[in-house]
Amino acid sequence: MTKLIWAVLLLFTVSVSAQSVKVRGFIKDSIGQPLEFANVIATVQSSGEIESYGITNSEGRYQLDLPFNATYLLKASFLGYDTKEQTVAVAENSENIQLDFILNELANQLDGVELVYEMPVTVKGDTIVYNADSFTTGDERKLGDVMKKLPGVEVNDEGEIEVEGKAVSKVMVEGKDFFDGDSKLATKNIPADAVDKVEVLRNYNEVDQMRGLGNDQDNIAINIKLKEGKKNFWFGEVTAGAGIADDEGKYLVHPKLFYYSPKYSINLITDFNNIGEVPFTFRDYFNFTGGFRNFNRGGGTNFNISESDLGFAVAQNNRANEIDTKFLAGNFSWAATSKLDLSGFAILSDNTTNMVTNSIRQYIVSGATENTNTINDQRSKLGMLKLSSTYKPNSSFQLDYDALLKTSDQSEDDSTISIVEDKSNNISETIENKPYSINQNANIYFTLNDNNIFAAQVQHLYQDEDPFYRAIQDSIPFRGIFTQFDPQNPGSEIFDPLTEASRYNINQDKNVRTGKLDAKVDYYYVINNKSNINLTLGSTLSSQKFKSGIFQILDNGSENIFSETDFNNDVEFNFTDVFFGLHYKAKVGKFIFTPGLSLHNYNVKNDQLGLSSSQNDWMLLPDLNVILELKKSENLRFNYAISSEYTDVNDYAQSYVFNNYNNLFRGNRFLENALSHTYNLTYFSFNMFNYTNISGSLNYSRRLNGFKRNTAIQGISQVSSLFNSDSNFPDETFSAFARFSKTIKKLQFGLNANVSLNKSNNIVNDEIRESQSLTQAYRGSVRSNFRKWPNFEVGYRLSLNDYDNGGLQQTFFTHRPYANLDMRFLKDFNLTAEWDYYVYNDEAKTVENKYSFVNANLYYQKGDSPWEFQIQASNILDTGFIDTDSFNEQYNTTSQYLVLPRIVMFIVKYDL
């Protein structure tokens, strides 16, 4: 079937190509020099509609495909040069046409600006400007639909924008931040009909003085230019709907309101529904930086404060048995004066989720197999508030200040039936956490003169977490730790500190408080326009307090406190890094070299159990960045760095803490740092001459003296502790990524591949075991972009997960063909449909599941009426579950998740 689909598409492409003529030529200046990135646009003379466009390559060559039986007006232009026009008549069966243009430089460099912006794509240095109307058909609904149609731009399954395979770090609208730090909110909420142009800003740095001084190749921003009718006016939409699923009522309320002017902007987004549409997930909350970046990125130190979230369950692809969402967000920016800008956002989210999971877990060493059925009820109330200011009195000085407050109230109740060797254990778990954090950041940038530039940054984090955990179960937990075996009578068991009960109710209190201060000063000496020297002086100071205790609630309601030191933590942990860095950046021909060294003095100290442990180290850590600019839109980049890795107090706390009902963990107060060697090679080509985009990367990391687990497994009970691995047993990761897309006429072909090989070494039951996982993901697709015909996307995804942990080798396959349809009919009706088919199995075919998801939407909107009516049907086939698999050095897990049933909704939208 798959081969037949691709054969039909190939024939279709050939037939379309056979009905047109190719117009080729060169665009040069008056002295015969080729003009790279010059624009050629062909419009139908009778209607003025754009038929085709092209951008010249480094040789000044362009190429257009023009259908038969029409006369076209060709315009050639280049910024700073005059525009030339030529009429071309294309009769049926015409031969290919050769047509060259000579452009003359303008005396006034601004004369050609407006014409440049008429082009579908314009490349200006590191900025790519897309004219949205040149790629859209009018049926797009949100910004994400527009972004998917732009060459070189992707929107991943999470709704995040990617360019060159890298996630976009900032989205702006009219130059103003849109919920700084996340592109998902933009793709799913900004109306498509408001978008005029999309500017992709590569090598982005929002501080003018700093541009070009460092290496910003991984920084990509998007700026959305609005259509004229959307500026200085309120616009938005109000959406409401009701429906049914399994005799239960469903609802959707989704108002949005936007306002943009040169002085200020306001964005208001709300979303209330119980149909599984989650605008802001628990994962988004923890990943949402609000624009805060890792301090001293690339400076040689990797020290991160971990989140004590106790492993809250996360829905797979936002699919669960039931999901109820309440979401409210607001974003503003205000140019208070010509020198002061203020901005900020607030996000409130309340998600209630019910998940039902069936899992099979195979333990490698013990050989035990655990079958579980878990019903999970979770509620996550999340809140974020950010306020920002930028003071820029002149071009030489800039002061930024940001404050980000995050708070949440999370609770989870699990009911699990665990069956091991025909023995059943009824387990009830409760997890609660009410963390909050305040992150403040101040930056100062000062340009003394053209050769001397200073930058200073101070960042402070205060974080308080209080996770609570309870597990109630039939079986005696952790025999040999919570109980003792009588050496005089092996058949008997001494209950100490555990007290014998009908059901064992074990609880854990924990509190982690963190204060972290980062500060650094950078000095840049600009030697010339091709080289500079960067000196950095900085420090990181972190102080943490960790307390935990375990206790049992007895059958009569009284408490049995585990008073032994093995079950109570009281730790003070301090980490200090004082460093000096030196980097030299030089452009030599097509190469840009940035070698660097950083000298660090590390101090680590922890006080616990009445004892104090400390570590003091000096380290010299090198790094290297090399860029080969093959062409203006083609480059090869290499990065190498050695980093010193330190962990936080959670891994130093010596006494036991719960991870879950069958997993205990204890840290190691004598932990030392790990060393990581990382290598990265990245290639990127954006070729608008033949509409081809290629990007890829190779990555390799080798970690020495890493933080490894020593795990004792008895049956399904696991007790782990940390240690530093021997350098003869390093952890290694190799990954490769490749992406190819090519547009032929109105069809865009795409190929993606991701491969990752991970090798790690751990100790399980006093034996060193190497674990290896090979994960592969491939995708091929073709998507159309017709204005008058139905549009489609068909593709095939294949994922292979190969797990080998020294005692059990398993391979899982997921074959996933998919197809999407977007069709307008009877002028005012629009139908969209999505089909995903899954074939999930292991290599031996002992596990094999086949299922599919079909969603469809029927829209009706009369002409330019602000009213739109929609019938939405999701999971039309009423598929009941999805499959996943996972792996670690101790066990392999395959799981089946129940998902929302068929839902049919009637929705009304009114455009404001």
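1. Two strands are said to pair if DSSP finds at least two bridges between them. In this predicted model, strand E23 (residues 340-363) and strand E54 meet that criterion, since 7 bridges join them in the antiparallel sense.

2. Phe 881 has Leu 898 as its bridge partner in E54. A hairpin of 3 residues leads from E53 to E54.

3. Ile 128 has Val 200 as its bridge partner in E16.

4. Another open sheet consists of 3 strands in the order E11-E12-E13, with antiparallel pairing. Its edge strands, E11 (153-155) and E13 (166-167), each pair on one side only. The pairing of E11 with strand E12 (residues 161-163) comprises 3 bridges; Val 155 has Ile 161 as its bridge partner in E12.

5. Most residues other than glycine have a negative phi. Phe 37, although not a glycine, has a positive phi of about 70°; this residue is found in the loop between strand E1 (20-29) and strand E2 (39-44). Lys 827 likewise has a positive phi, near 70°, and is found in the loop between strand E49 (809-825) and strand E50 (829-842). As to cover, Phe 37 counts as buried at 10% relative accessibility, whereas Lys 827 counts as exposed at 69%.

6. A search of the whole structure finds 36 salt bridges. In one of them, Lys 75 is joined to Glu 85, with the closest N and O atoms 4.0 Å apart. Lys 75 lies in strand E5 (residues 70-77) and Glu 85 in strand E6 (residues 84-90), so the pair ties together parts that are 10 residues apart in sequence. Lys 75 is partly exposed at 24% relative accessible area, as is Glu 85 at 48%.

7. Arg 824 forms a salt bridge with Asp 139, the closest N and O atoms being 2.6 Å apart. This pair links distant parts of the chain, 685 residues apart: Arg 824 is in strand E49, and Asp 139 is in the loop between E10 and helix H3 (143-147). Arg 824 is partly exposed at 41% relative accessibility, while Asp 139 is buried at 11%.

8. A further salt bridge joins Asp 731 to Lys 708, with the closest N and O atoms 2.5 Å apart. Asp 731 belongs to strand E45 (residues 731-744) and Lys 708 to strand E43 (residues 707-714); they are 23 residues apart. Both count as buried because each falls under the 20% cut-off: Asp 731 has a relative accessible area of 11%, and Lys 708 is at 5% relative accessibility. Elsewhere, salt bridges with shared partners unite Arg 141, Lys 142, Glu 237, Lys 256, Glu 868, Lys 909 and Asp 911 in one network.

9. A negative surface patch includes Asp 246, Asp 247 and Glu 248. Asp 246 is found in the loop between strand E18 (234-245) and strand E19 (248-260), and is exposed, with a relative accessible area of 55%.

Definitions and conventions. Residues are numbered from 1 along each chain as its sequence is written. This is a predicted model: local features need pLDDT of at least 70, side-chain atom pairs count only at pLDDT 80 or more; totals for chains, interfaces and linings use all residues. Side-chain values use heavy atoms; hydrogens and water are left out. Helices (H or I, at least four residues) and strands (E, at least two) are DSSP runs, numbered from the N terminus. Patches are made of residues with over 30% relative accessible area and no salt bridge: like charges are joined within 9 Å, nonpolar side chains (Val, Leu, Ile, Met, Phe, Trp, Tyr) within 5 Å. Accessible areas come from the Shrake-Rupley method with a 1.4 Å probe; for residues, only the protein chains shown count as cover. A salt bridge is a side-chain nitrogen of Lys or Arg within 4 Å of a carboxyl oxygen of Asp or Glu. Lys and Arg count as positive and Asp and Glu as negative; His and the chain ends are not counted. The place of a charge is taken as NZ of Lys, CZ of Arg, CG of Asp or CD of Glu. Buried means under 20% relative accessible area, exposed over 50%, partly exposed in between (1.4 Å probe, protein chains only).
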